[in-house]
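Please look over the model shown here before reading on.

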Amino acid sequence: MVWLALLCCALLGVTSSSELLIRRRRSWIIESFTLEEGHPGPFPYELGKIPLVRTHQVTFQIFGMGVDEHPEGVLTIDSRTGVLTAHKSVDYEELKRLNLRLLALKNDKTLDTKLGIEITILDINDNPPRFLNDLYEVTVREAVAQGTNLLSVLANDRDKPETPNSTFHYEIGTVSPKPPNAEFVMGLSGQLSFRGCLDYEAGAEYKVLLVAKDHGEVVSLSSTTTALIHIQDGNNHLPVITGKTGTRTVKEGEIGVVPLRLHVTDRDLEHTPAWKAKYTMEGDTGGNFKVETDPITNDGILTVIKPLDFEEITERELLFSVENEMPYYSCKVKARPATGLWEVDTSGGTAGPAGAGPKPDSLRVTIQVEDANDPPTFTVLVYEATLEENVAIGTYVQTVTAVDPDSSHARDFEYKIGEDPGDWLNVDPHTGVITTAKRPDRESPHVVDNIYTAILHAVDSGEPPMTGTATLLVHVIDQNDNIPTLSVNNVVVCVGDGPTRTNITALDPDNVPFGGPFTFELLGEVKGKWSVDPSYGYKVNLVKETIVYTGIHMVELKISDLQGAFGVNNLSVTVCDCTATPSCRGRRASSSTVGFGAAGILFFALLVLMITLMLSFLMTCKKDFTFLKTDLPNGESLLSSNIEIPGTDCKIPVKPPTKSYLYDFGELMQHTRSFKTVEESFNHQDSWEYNQRQSTVMYQYQEGSAKSGFMSDAGLLELLNQRMAYVQALEDDLNDHYPHLYADEGDEAHPLNDLEKIHILEAVFDHGQLDDLGPRFNKLASICTPAQ
């Protein structure tokens with residue numbers, strides 16, 4: 001420390017009034033001491049003295065680690081002499097050094113010097129190397145080769161690195177149980193391996209104590225961990241066939257039977273891959289058998305999976321061999337050198353040469369085949385023949401042939417028809433000749449894609465009788481034996497300003513060239529009324545001209561196929577006013593089912609007709625009336641309409657000319673509920689106006705808001721004609737539906753027979769009788785006689 005004292009003296013001897021020199025004089029001076037880790041004491045003991053030489057008295061103070069910072073109370077300093085004293089030990093693994101600040105103060109408490117002090121902690125061997133885990137565990141195969149790394153361990157030492165205190169090695173402590181033919185070895189880097197042969201029977205589990213030991217100079221420290229080595233049983237014992245059971249006979253034709261069971265023993269651990277048996281079989285050239293392992297008993301089960309034929313072979317000789325699922329392995333120690341691996345002899349497994357080791361146990365077994373009654377066999381399984389449809393009964397179709405392969409059973413058999421869906425065929429039981437029993441029909445539902453399919457049998461006379469089967473495919477050639485027909489026999493067509501049309505379609509079950517396209521021709525008086533467009537094809541249009549009125553019409557239609565064969569079809573055509581009755585097409589589509597909708601149409605049509613007739617003959621909206629002479633027995637009168645010749649007011653001829661109807665006004669009144677309903681119909685359906693100058697009833701019509709106008713009485717009659725014809729057609733279909741009875745405006749019901757028939761007489765009518773027409777006619781009178 002002499003150089004340090006000289007340096008301090010030189011610094012103290014330098015005088016300068018410069019502030020910079022003063023700061024240099026008070027700069028840090030570093031001093032170093034050592035403190036042994038875990039010093040045993042006794043405490044306190046002197047660590048050293050601060051070598052600061054002064055001609056004047058100074059006072060020493062220290063601050064920092066070990067004094068007023070962690071770890072507190074380790075060091076103190078004598079304020080007058082500068083001696084450092086240690087009061088307790090420190091841990092190198094916690095702190096490698098202590099950094100302190102020393103101040104030297106003058107008597108006037110001004111700073112004389114400040115120093116930095118570093119105390120180095122000296123490491124001692126107080127930490128053994130420690131393993132990362134307290135327990136290591138691994139499972140290895142018995143057949144694993146020596147020298148194989150079983151597991152790796154790792155330890156570390158907290159002492160100062162690269163010193164003997166932190167340098168350590170691994171070694172084997174104890175092994176329990178001790179293997180007779182193996183020795184465990186630890187590598188420098190912590191790899192655990194073995195040399196020799198592992199033996200599951202000698203020990204299924206080994207407990208190995210592993211040691212990590214350091215190289216401390218004063219004292220050597222160590223720690224241990226445990227390694228558990230589980231040995232997986234290897235296949236070092238082959239299964240041995242100890243017996244067999246079963247009849248070892250099989251009847252020909254049988255499948256699923258078990259004629260043989262093989263029994264084996266194995267010394268390896270049960271229900272492990274080293275114990276489970278695996279059977280192989282030789283000699284099964286026909287693939288008739290399979291052999292499987294019983295998972296519980298380890299027996300070999302022989303099963304018939306394909307029928308055997310006695311006539312082919314009477315016995316089968318099979319060779320069975322058995323081994324394990326895991327490959328066989330054995331290991332024997334020959335020499336145990338001090339270093340390196342031992343000399344061992346292995347066979348089988350992955351460690352031994354291929355094909356080495358003992359051969360699997362085997363057994364040869366003969367399986368006897370017993371004869372059984374075989375069914376006759378057809379020489380051809382699928383026969384084919386060709387026939388024209390409609391050929392005569394007894395026509396030759398095909399000849400079938402079968403043989404019976406039996407050698408020790410009856411060989412007589414007969415031919416029979418198995419399946420004949422249309423009963424078309426006969427077969428000679430002895431010759432196999434097949435003829436027709438019916439005339440073939442290509443359009444039969446039993447013919448698919450022009451082929452009729454039948455099943456034939458050959459049945460022998462054995463006990464029980466056996467049957468052979470073959471299939472007969474008859475290709476049926478078409479003939480023109482069907483005439484074209486309509487797909488539907490009734491259609492609906494609408495009334496229009498011009499010609500209207502509807503589609504009609506023809507069908508013919510015959511094949512090309514005996515079917516369509518067809519030629520269509522209308523018969524009868526159809527000129528100017530009906531036509532077809534086009535007249536050739538599968539589907540054409542039936543065209544209705546404007547002179548055909550509403551109603552049901554019968555049209556005769558001749559339809560011819562490509563060969564000229566034809567049929568005459570009666571087509572029912574319903575001509576419908578689609579404007580007045582938009583749903584007429586849907587209503588006519590189902591003539592067999594009539595519901596409340598059709599009854600509603602009938603009621604509505606009758607209501608309109610009743611209003612039309614009543615307004616035609618009774619109502620006027622003019623101020624002046626022309627009275628009609630009447631001679632009614634009850635004194636009641638009606639206004640004279642002066643529209644038609646007297647006596648024809650209530651009789652309307654109805655078209656079409658095939659039928660005509662007379663409607664009585666009183667009867668029509670029975671189809672309405674009350675005069676309130678008449679009023680509503682009058683307001684919302686149609687309106688009438690009487691023109692006295694022209695002696696004409698004009699009918700004002702309106703459809704939505706698209707068109708409106710007036711119609712003369714002749715046009716009105718024509719319109720009524722069409723409506724009445726359609727209503728009558730509906731009545732023909734709905735003759736079992738009757739109008740429902742409704743009550744009058746009041747709560748009291750009135751029978752329908754209160755509406756009597758109106759008789760128009762020529763007697764003079766008293767106009768005053770209109771002043772009181774009764775409650776039923778007051779509302780109607782107010783409509784027909786507007787207020788002034």
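In which sense do strand 17 and strand 19 pair, and over how many bridges? Strand 17 and strand 19 (residues 260–265) pair in the antiparallel sense, over five bridges. Two strands are said to pair if DSSP finds at least two bridges between them. Strands are DSSP runs of E with at least two residues, helices are runs of H or I with at least four residues, and both are numbered from the N terminus. Threonine 245 stands opposite arginine 261, which is in strand 19.

The model is predicted: local features need pLDDT of at least 70, side-chain atom pairs count only at pLDDT 80 or more, and totals for chains, interfaces and linings use all residues. Residues are numbered from 1 along each chain as its sequence is written, and side-chain values use heavy atoms, with hydrogens and water left out.

Strand 26 (residues 361–370) pairs in the parallel sense with strand 18 (residues 249–251), over three bridges. In that pairing, valine 250 stands opposite valine 369. Strand 26 also pairs with strand 23 (residues 315–324), here in the antiparallel sense and over eight bridges. Leucine 318 has valine 365 of strand 26 as its bridge partner. In total the protein has 48 strands and eight helices.

Of the 788 residues, 40% count as buried (under 20% relative accessible area; exposed is over 50%, partly exposed in between, with a 1.4 Å probe and protein chains only). A nonpolar core is a set of buried Ala, Val, Leu, Ile, Met, Phe, Trp, Tyr and Cys residues joined through side-chain atoms within 4.5 Å. The largest such core has 26 residues, and Leu35, Ile50 and Ile119 have the most contacts inside it. Among the elements that give it two or more residues are strand 1 (29–36), strand 6 (97–105) and strand 7 (111–122). Beyond its neighbours within four places in sequence, leucine 35 is in contact (heavy atoms within 4.5 Å) with residues including Tyr45, Val74 and Ile119. Apart from this core lies another, of 23 residues, with Val138 and Val208 among them.

The structure also holds nine aromatic pairs. Rings of Phe, Tyr and Trp (its six-membered ring) pair if their centres lie within 6.5 Å; planes under 30 degrees apart count as stacked, over 60 as edge-to-face and the rest as tilted. Phenylalanine 43 and tyrosine 45 form a tilted pair, 5.8 Å centre to centre with 40° between the planes. Tyrosine 45 counts as buried because its relative accessibility is 18%, whereas phenylalanine 43, at 31%, is partly exposed. The pair of phenylalanine 378 and tyrosine 415 is tilted because the planes are at 50°, with ring centres 6.2 Å apart. Phenylalanine 378 lies in strand 27 (residues 377–378) and tyrosine 415 in strand 31 (residues 413–419), so this pair ties together parts 37 residues apart in sequence. Ring pairs link Phe378 and Tyr415 into a cluster with Tyr383 and Phe413.
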